[in-house]
Amino acid sequence: QVQLVESGGGLVQAGGSLRLSCAASGRTFSSYAMGWFRQAPGKERELLAVITWSDGRTHYANSVKGRFTISRDNAKNTVYLQINSLKPEDTAVYYCAASTGRIAGQYEYWGQGTQVTVSS
């Protein structure tokens, strides 16, 4: 099992920045990649960014390219999501998830989420 704990969310004004953290523990060696997702009220969950533990390869959703940056610290088993130029439409619960890589695109472990609220 892999346990994931997100932190760093909060209330921020439009134009501001946040850095979300996701600390992984447990059988972290079984994790191949980490992803950040978000879900706004009444909307489907959206994949934002992915990073692999081994070589740091990244992938971003087109909707967040240029504003969001995913990174990882292997020594701390922690993945980050830097969000700049926040917009009210970024308001959502942000989740991190771990993929073992056994099935492409499948994330087996999820954190509890952290709320990001952007005021206009």
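View 1. Glu46 comes out as partly exposed, with 25% relative accessibility; the label covers everything between buried (under 20% relative accessible area) and exposed (over 50%), using a 1.4 Å probe and protein chains only. This is a predicted model, where local features need pLDDT of at least 70 and side-chain atom pairs count only at pLDDT 80 or more, while totals for chains, interfaces and linings use all residues. Residues are numbered from 1 along each chain as its sequence is written, and side-chain values use heavy atoms, with hydrogens and water left out. The Glu46 side chain meets that of Arg38 in a salt bridge, 2.9 Å from N to O; the term calls for a side-chain nitrogen of Lys or Arg within 4 Å of a carboxyl oxygen of Asp or Glu. Arg38 itself is buried, at 10%.

View 2. Strands here are DSSP runs of E, at least two residues, numbered from the N terminus. Asp90 then meets Arg67 in another salt bridge, 2.8 Å from N to O. Arg67 lies in the loop between β6 (58-60) and β7 (68-73), so this pair ties together parts 23 residues apart in sequence. Asp90 is buried at 0% relative accessibility, and Arg67 is buried at 13%. Put together, Arg38, Glu46, Arg67 and Asp90 are linked in a network of salt bridges.

**View 3. The aromatic cluster of Phe37, Tyr107 and Trp110.** Aromatic rings of Phe, Tyr and Trp (its six-membered ring) pair if their centres lie within 6.5 Å; planes under 30 degrees apart are stacked, over 60 edge-to-face, and the rest tilted. Phe37 and Tyr107 have ring centres 5.1 Å apart and planes at 85°, so they pair edge-to-face. Phe37 and Trp110 make a tilted pair, 4.7 Å between centres and 50° between planes. Trp110 belongs to strand β10, 73 residues away from Phe37 in strand β4. Phe37 is buried at 8%, and Trp110 is partly exposed at 30%.

**View 4. Arginines over rings.** The charged end of Arg45 sits over the Phe37 ring, 5.7 Å from its centre; the call needs NZ of Lys or CZ of Arg within 6 Å of the ring centre and within 35 degrees of the ring normal. Arg19 lies over the face of Tyr80, 4.1 Å from the ring centre.

How values were computed. Helices (H or I, at least four residues) and strands (E, at least two) are DSSP runs, numbered from the N terminus.
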